[in-house]
Amino acid sequence: MSADPSAYVRTREKGARDTRYPEAPEPLAVAVYDNHAHLEIEDGDDPLSLTDQLDRAAEVGVVGVVQAGGDIESSRWSAWAASSDERVLAAVAIHPNEAPLYQEAGRLDEAIAVIDELAAQPRVRAIGETGLDFFRTDQPGVPAQYASFEAHIALAKKHDIAMQIHDRDAHDAVLDTLLRVGAPERTVFHCFSGDEEMATVAGERGYWLSFAGNVTFKNAQNLRDALAVTPLERILVETDAPFLTPTPYRGRPNAPYLIPVTVRFMAAELGLDVDELCAQLARNTLEVYGPF
């Protein structure tokens with residue numbers, strides 16, 4: 001890897017999907033933020049640079065992005081992006097699916113030490129994404145996931161910053177771990193994937209739930225039910241770009257400039273004025289991460 005973190009790039013496989021970026025939606029009248037994106041991943045027929053992504057977003061009222069890491073390299077890139085553009089804040093972490101790989105290589109402690117170092121930077125405002133994933137990791141890798149998750153919880157507390165959780169097929173285990181170890185003061189479920197019952201528990205505990213474009217998918221009634229019971233002051237919105245592009249663009253490249261599509265859908269589901277929801281989302285984001 002180059003010593004220059006800005007040189008790091010990943011490319012999403014195109015496969016048979018439509019790789020054209022969608023047209024820009026109507027701009028929002030009240031500015032919002034993208035709570036979670038992976039802008040180091042190139043996608044589409046004409047990949048967008050970091051500046052391109054942020055400029056397109058600003059044109060439709062998305063004025064900031066929390067750029068999330070998942071390994072040493074992407075976390076360094078995220079910290080670099082946040083230091084180079086005032087529209088970006090960074091989250092840094094070892095993804096739960098990466099933790100067993102680092103452990104097998106005897107490098108998990110080293111990797112977490114790098115995250116600790118990055119987390120001290122002033123524009124790194126979250127540990128993330130960390131958590132548990134029982135979908136892609138087999139049983140032998142689970143202990144490394146737990147060890148990594150608990151170490152990341154400790155880092156969020158040490159640096160007094162937020163934590164973004166990746167939770168896939170591990171709802172009870174994640175909630176139990178947060179209760180047993182003690183959750184950071186600002187805990188966010190990135191791309192919330194639970195149901196109404198889990199959302200109720202999370203809201204009662206004061207966690208934030210971040211909804212992505214999949215809340216618009218026809219088969220995601222569980223997410224709409226969860227959204228309906230989440231306190232407004234605990235709702236965030238994200239893209240998880242370049243993934244989870246909202247309907248009607250599902251499968252095409254996602255980007256922060258498409259946040260208005262998801263926000264308008266959420267407002268309709270909640271029976272709220274779009275401007276009212278936007279103002280609440282912006283307040284929530286700044287409460288979690290601080291000013292951009």
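Helix α9 packs its buried residues against β2 (32–37), β4 (62–68), β9 (208–211), α8 (221–229), β10 (235–237) and α10 (274–289). Contact here means heavy atoms within 4.5 Å. Helices (H or I, at least four residues) and strands (E, at least two) are DSSP runs, numbered from the N terminus. The model is predicted: local features need pLDDT of at least 70, side-chain atom pairs count only at pLDDT 80 or more, and totals for chains, interfaces and linings use all residues. Residues are numbered from 1 along each chain as its sequence is written, and side-chain values use heavy atoms, with hydrogens and water left out.

Which residues of α9 are buried? They are Ile259, Pro260, Val261, Thr262, Val263, Met266 and Ala267. Buried means under 20% relative accessible area (1.4 Å probe, protein chains only). The helix covers residues 259–270. Its 12 residues should span 16 Å at 1.5 Å a residue, and the end C-alpha atoms lie 17 Å apart, which agrees. The expected span is 1.5 Å times one less than the number of residues. Just after α9, Gly271 has a positive phi of about 70°.

Now the sheet. Eight strands form an open sheet in the order β2-β4-β5-β6-β7-β8-β9-β10, with parallel pairing. Two strands pair if DSSP finds at least two bridges between them. β2 and β10 are the edge strands, each pairing on one side only. Neighbouring strands are turned by 30° against each other on average, direction ignored.

Strands β5 (residues 88–92) and β6 (residues 124–133) run parallel, joined by three bridges. Ala91 stands opposite Ala126 in β6. α10 packs on the sheet, touching β2, β4, β5, β6, β7 (162–168), β8 (187–189), β9 and β10. The direction of α10 makes about 95° with that of β10. Axes are lines fitted to C-alpha atoms, for helices over the stretch in contact, and angles run from 0 to 180 degrees between N-to-C directions.

Conventions:
Buried means under 20% relative accessible area, exposed over 50%, partly exposed in between (1.4 Å probe, protein chains only).
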